[in-house]
Amino acid sequence: MSPTLPAAPPPDIEQRINALLAKMTLDEKLGQMSQATGLAVPLSEQNKEEIRKGRWGSFLNAGGAAERSEAQRIALKESRLGIPLIFGRDVIHGYRTVLPIPLGQAASWDPELVQAGARVAGREAAAAGLHWTFAPMLDITRDPRWGRIAETLGEDPLVTSRLGAAMVRGFQGDKLDAPDSIAACAKHYVGYGAAEGGRDYNTTWIPEIQLREVFLRSFDAARKAGVATFMSAFNNLNGVPTSGNEFTLRQVLRKEWKFDGFVVSDWNSITEMIPHGYAADEKDAAFKGVRAGVDMEMVSTSYHDNLKALLAAGKLDQKLIDDAVRNILRVKFRLGLFDKGVPVAAELPAAPEEAALGVAKRLATESLVLLKNQNATLPLAKSIGKIAVIGPLANSPVDQMGSWVMDGQAPEVRTPLAALRERFGEFRVAWAAGLKTSRDSSHDGFAEAVEAARGADAVLVFLGEEMILSGEAHSRAYLNLPGAQEALVDELAKTGKPVIVVILAGRPLTFQNVAVRASAVLYAWHPGTMGGPAIADVLFGDAVPSGKLTVTFPRTVGQVPIYYAHLNTGRPPSESELGIPAGTPVDPKGFTSKYLDVDFTPEYPFGFGLSYTSFEYTNLAISTPQLRTGTRIEISADVANTGTRDADEIVQLYMHAPAGSVARPVRELKDFRRVHLKAGEKQRVAFLVGAGDIAAYNATLQLVAEPGKYQVWIAPDSVRGAGGEFTVVP
Ligand code: BGC
């Protein structure tokens, strides 16, 4: 027998890139650096000709599967060098099977499930001939006015890091060149969520210590998870737009993090450096974009139109162009686009896969956050007689899908009304919208809604925001329930029937007046295709709510920004100091950091969420009172399910350093775990903590675990928990 020949060594990507680069003309290089929208359906002659000439390296949100397949055939077979296109698309929270908005997914605190959701989305997108999604969105925001809060994973760097990395793994799979993997894109790099006033695209001012501590961490986590690409953002950061920012793009991303994939600009964000007041004209914008390290320009064409002249004039180093092209080709090679051949255009299957719907339903279920449940109103008994379903969001498939949906199919969405009717039959479910939309201010539909409520044993009211009220460029200055929703609840409450409010929204809303009238409040975000059955399961006890907020809910918009990991002041108020203090106005007791007209605390704190059972946290223990560099300590506590239902609990580990070279937030999340506890069961939940978990940026911007005392809590949310302390010694 002849010996088996060793398998051919994997082709060395860098060698292939260099070989290709050596053959490329400047026009072809600039083509790779250009991304366009607008593939005609069917492809136009101009499309075909441009692809043949290598005018574009990428298309975004363009064509159908058939056009993408044909365009790729032309690129591979008819262009001079056969360089494949990379097709990107906004597959943000699902493709055909729509998952809850990211802020809702985050409330699950469940990295495995979030990863499974991204896998579903990635597989569906890959089947449609897509190579690349512009997700995950890793922006941290502490401002619910900002419409794009819907797309974030909340206010916390650790939650965003863990869940963002899970999404990267889900989209990209084990192997980037597998047929069902797509490249992910860490966006929007960086600081975009700190927009002043919560107004989209607005300026951001973020001191470097906060940038590193809060805003960069989730991007670093995505990079460590192997994210293939980054997107530079729209915002001006400390005076320099992020799409021309050498500090964030060259210093941090390339030098410190050694990222070797490519950076795409956001939509027109290169030429938007002109109105920002940073670039004089398109030529200057192109120069500043390339100099900063934005490899591919999305939509605007300043690279194509100006880089040649800049090179000819000796203003730009050819090496910068070559590096950018190398980065782009590297990702195309990693995706296997050079080797996969012409893709077969796939037809959309007649129905979404059951497995995909199953993941969507689990994610929707785990995203639901129970905010109020007076006298255990929920779960409702299945033997209940009649139910009234009311409200503008009970049966609104498009709104239920949320704000970043390009490919979801409204007819496939299962609404709460449909799910409840399926369970209980039309006869037991009376239905009256009461309001046509969330913004409807007419009371014309109230009488019908009140009549339905009068004849029912429980009133389920589906309120909130239509999807059009959140998302990009959809910021709000008020956070209340729009239209006449509050007035509708007032009328329904007068019937004396138990009113259960379910809120579907893209952001934290303020709804105190409704919450006081309701027996129970369930926050459902925009829960996607399977939102209806998930909500029905929770309302009727087939599932126990376990979601917890990853964003602080203010009492009123006037408290914004309000977030749990804030620094203390020199005059923190105490719980007893609400409102205007008694005594003279010069009483120093009253001079604390608070509001006269509203409690200074949030309506619902970060990490909060109720269950159908209750949990008790006791007996915090720390394995050793001292933590030395290079060692770890175990912090543990008893978590007991003291109620009568088996349930999941999201156990959170927080820390605080009371003194150091810089002040630290009053609490910071350091770890979390979802645990399952049977009714009556008690578990010892333990977290291992090393100096690396404690490390923070000091006054000279070094990441260190400063010696000193640390307080620690194992907690159900950011304001309670079993506490203790330990010391870090050098
Ligand atoms: C958004 C990005 C998105 C891009 C492409 C921009 O307006 O900011 O998040 O990926 O458009 O659609």
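Reader: Which residues lie nearest the centre of the second largest cavity?

Author: This is a predicted model. Its second largest cavity has a volume of about 120 Å³, and 16 residues line that cavity. Those nearest its centre are Gln32, Ile51, Gly54, Ser79 and Ile83.

Reader: Which element gives the largest share of the lining of the second largest cavity?

Author: Two elements give two or more residues to this lining, helix H2 (26–32) and helix H3 (45–53). The largest share is three residues, and the element that gives it is H3.

Reader: What is the volume of the largest cavity?

Author: The structure holds five cavities of 30 Å³ or more. The largest of them is lined by 17 residues, with Ala657, Arg664, Ile694, Ala696 and Tyr710 closest to its centre. Strands S20 (647–656), S21 (668–677) and S23 (696–697) each give two or more residues to the lining. The volume of this cavity is about 150 Å³.

Reader: How many residues of the shell around the ligand are charged?

Author: The ligand is surrounded by 14 residues, and among the closest are Asp90, Arg148 and Lys187. Because Asp, Glu, Lys and Arg count as charged, these three belong to that class. The shell divides into seven nonpolar residues, two polar ones and, as the charged count, five.

Definitions and conventions. Residues numbered from 1 in each chain as written. Predicted model: local features only at pLDDT ≥ 70, side-chain atom pairs only at ≥ 80, totals over all residues. Heavy atoms only, no water. Near = heavy atom within 4 Å. 1 Å grid on protein atoms, 1.4 Å probe; cavity = no way out; pocket = protein on both sides within 12 Å on 5 of 7 lines; lining within 4 Å. Points joined across faces, edges and corners; volume = space filled by probe spheres on them. Helix = DSSP H or I, 4+ residues; strand = E, 2+ residues; numbered from the N terminus.
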